[in-house]
Amino acid sequence: MDVNQTKQEHLLALKVMRLTKPTLFTNLPVTCEDRDLPGDLFGQLMREDPSTIKEAETLMLGEMLTLPQNFGNIFLGETFSSYISVHNDSNQVVKDILVKADLQTSSQRLNLSASNSAVAELKPECCIDDVIHHEVKEIGTHILVCAVSYTTQYGEKLYFRKFFKFQVLKPLDVKTKFYNAETDEVFLEAQIQNITTSPMFMEKVSLEPSMMYNVTELNLVASGDDGESTFGKMSYLQPMDTRQYLYCLKPKPEYAEKAGVIKGVTVIGKLDIVWKTNLGERGRLQTSQLQRMAPGYGDIRLSLEMIPDTVNLEEPFDIICKITNCSERTMDLVLEMCNTRSIHWCGVSGRQLGKLSPGALLSLPLTLLSSVQGLQSISGLRLTDTFLKRTYEYDDIAQVCVVCPYTSNEC
């Protein structure tokens, strides 16, 4: 929509046209059987139609391209391109012509003009042309303000402008979920939905991690040297379809060794999404920095570094526990091992582990056995800080599958 600021007759005419990719021409084929009254009349007309494909006249798509007949939709992440033309409709020579194009959004005003210098003169029936480009980064109402100032041959200075208002729509709906593993790994699930009315070719969906993490993409199926996408070779996303992408983030060694660093709200990274639509029209969208609340481990954290997947019934097996001091004080720790109905610890209970400074960790090998077959939960560890007389109990540390070596029954 354009609104003239003034009704005064001007010597120059301003025209603005949005530049978009053309579309394939479509027609509606009309056919009938040979025994019907028209006979082959419809077929002959379609064969003579220059817009149809030879030997495939009944297809709706043709070989011709159609220019846009309206302004169309503009989506966030696409590049807005516009053609601006100022034409001298009078029989006078106009001087000092200055054409300025600004884009007004809800938060800022951007100058899109390629040149801010004035044109010395413009003869009758001549024009000044310019093409502007802008990558749309905000949704909502945008106003393209085109202003023209010039001087007549009598020295009179004139000025007018036009406003072109359009809406920028949201092309994708992005939702994220975080899953914390028993280790320091974090799994990110990104759900991306196409909320436009046309299909998209998803060129790239990647996660740019923050400086604290390394990322592994889990959207490939190992096949030879190069992995194949889980979505196939042709990665199309139809309107209103949703697709899930999965990523695994692991803290870098210099951060993973410092238990007190990854606390509270941490920045994970941002998603970078690139897609193509009609005839290769490209769009790109980057999310804001994704944040998650790191799980609280309290003053001291106990995790497993090594545990076998399957063990034999009533046979000892080894595990390695990692004890991390997450507090800001030194601890003097004592380990107690309490047997449960199915889990029996081997070794001396109540032994001294020594002092553990803030942020330090200790690897502790332990031996145990299970007296019950099936999927068993490892429980019964207790740590006591002798400085503050504070006890920390750990149940359901991990699970292990216990099988009988004399039968084929497994959990």
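Me: What relative accessibility does tyrosine 236 have?
Reply: Tyrosine 236 is at 43%, so it counts as partly exposed (buried is under 20% relative accessible area, exposed over 50%, partly exposed in between, with a 1.4 Å probe and protein chains only). This is a predicted model, where local features need pLDDT of at least 70, side-chain atom pairs count only at pLDDT 80 or more, and totals for chains, interfaces and linings use all residues. Residues are numbered from 1 along each chain as its sequence is written, and side-chain values use heavy atoms, leaving out hydrogens and water.

Me: How many aromatic pairs are there?
Reply: There are 3 in the structure (Phe, Tyr or six-membered Trp rings with centres within 6.5 Å; planes under 30 degrees apart are stacked, over 60 edge-to-face, the rest tilted). In one of them, phenylalanine 201 and tyrosine 236 have ring centres 5.6 Å apart and planes at 65°, so that pair is edge-to-face.

Me: Which strands do those two sit in?
Reply: Phenylalanine 201 is in β15 (residues 200-209) and tyrosine 236 in β19 (residues 236-237), so the pair ties together parts 35 residues apart in sequence. Phenylalanine 201 is partly exposed too, at 26% relative accessibility.

Me: New topic: how many helices and strands in the protein?
Reply: The protein has 2 helices and 34 strands (DSSP runs numbered from the N terminus: H or I of at least four residues, E of at least two).

Me: What does β31 pair with over 5 bridges?
Reply: With β34 (residues 398-403), in the antiparallel sense; pairing takes at least two DSSP bridges. Isoleucine 378 stands opposite alanine 398 in β34.

Me: And how much of the protein is buried?
Reply: Buried residues make up 37% of its 411 residues.
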